Protein chains: 2
Amino acid sequence: MPDAIRLAEKLKLFSDLWSPKIVAAFNGHDVMVVKVKGEFVWHSHPDTDDFFLVLKGSLLIQMRDGEVTLGAGDLYVVPKGVEHRPVAVEETHLLLIEPAGTPNTGDAATAAVKKAI
Amino acid sequence: MPDAIRLAEKLKLFSDLWSPKIVAAFNGHDVMVVKVKGEFVWHSHPDTDDFFLVLKGSLLIQMRDGEVTLGAGDLYVVPKGVEHRPVAVEETHLLLIEPAGTPNTGDAATAAVKKAI
């Protein structure tokens, strides 16, 4: 039987940015933690919504028709097909959920390789 | 464009126990917050994994072959078909994700009605 997944402990295991680490599987989705800082690329996912929950820090999600700012304990779902760019002024820790195999940039050629931890 | 979803604010809007409130939609799933205290019923979901993230408090998830204890910031996915019973000694706040329409007891006849807040 798997043990409880302690997100804070998982986040101590790595330091690279914009590189999601898989911590659990859920209904064909990868549940991931990631550390981010700076500006990501503008991108969209044609086939999946994009789930963000801020665990620590603050995340700005820019979209073409507006933006939202998330603090710790705030979540947002970017609907599929909606162009967005995550931006974090300081190092920020997120919980992400995406269908297994989804490229984080929306493009397999530029996506980070997601590894389980 | 929807606003950010501030889970702590959502949790201030209700006080009933074991009654999940929908805060967002994600890939055909309901994202919900719930307050729990005491023992829930033993149940399973034949068609879906069951996602638990503890936001505040502590949750024991009993299964037939063992149990896990989650504190704030810990998550667990009970695989589909696995019988389980959530137990919380003190009031505990959870983030849950389930396919839209999933009965929280595993049985539509006894399930809570899930409303959006």
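# A tour of chains A and B

Select chain A to begin: a compact globule with 117 residues would have a radius of gyration near 13 Å, and chain A agrees with this at 13 Å (the radius is taken over C-alpha atoms, and the globule rule is 2.2 Å times the number of residues to the power 0.38). This is a predicted model, in which local features need pLDDT of at least 70, side-chain atom pairs count only at pLDDT 80 or more, and totals for chains, interfaces and linings use all residues. Residues are numbered from 1 along each chain as its sequence is written, while chains are lettered from A and ligands numbered from 1 in the order in which they are written.

Keep chain A selected and show its C-alpha atoms, which fill a box of roughly 45 × 30 × 25 Å along the principal axes. Switch to cartoon: chain A has one helix and nine strands (DSSP runs numbered from the N terminus, helices being H or I with at least four residues and strands E with at least two). From the N terminus their order is β-α-β-β-β-β-β-β-β-β. Of the 117 residues in chain A, 38% are buried (20 or more other C-beta atoms within 10 Å of the residue's own, with C-beta atoms placed from the backbone).

Next, select the residues where the chains meet. Chain B gives 25 residues to the contact and chain A gives 25 residues (two residues are in contact if their C-beta atoms, placed from the backbone, lie within 7 Å). On the side of chain B that touches chain A, the elements giving two or more residues are β1 (5-6), α1 (7-11), β2 (21-26), β6 (66-71) and β7 (74-78) of chain B. The copies meet through the same surface, because 100% of the interface residues of chain B are also interface residues in chain A.

Zoom in on β7(B). Five of its five residues are buried. Asp74(B), Tyr76(B) and Val78(B) point one way from the strand, and Leu75(B) and Val77(B) the other way.

Arg6(A) has Asp74(B) as its bridge partner, and Ile5(A) has Leu75(B).

Last, select residues 50-56 of chain B. This is strand β4, which pairs with β7(B) in the antiparallel sense over four bridges. Here Phe52(B) stands opposite Tyr76(B).

Conventions
Pairing = 2+ DSSP bridges. Buried ≥ 20, exposed ≤ 12 C-beta atoms within 10 Å, placed from the backbone.
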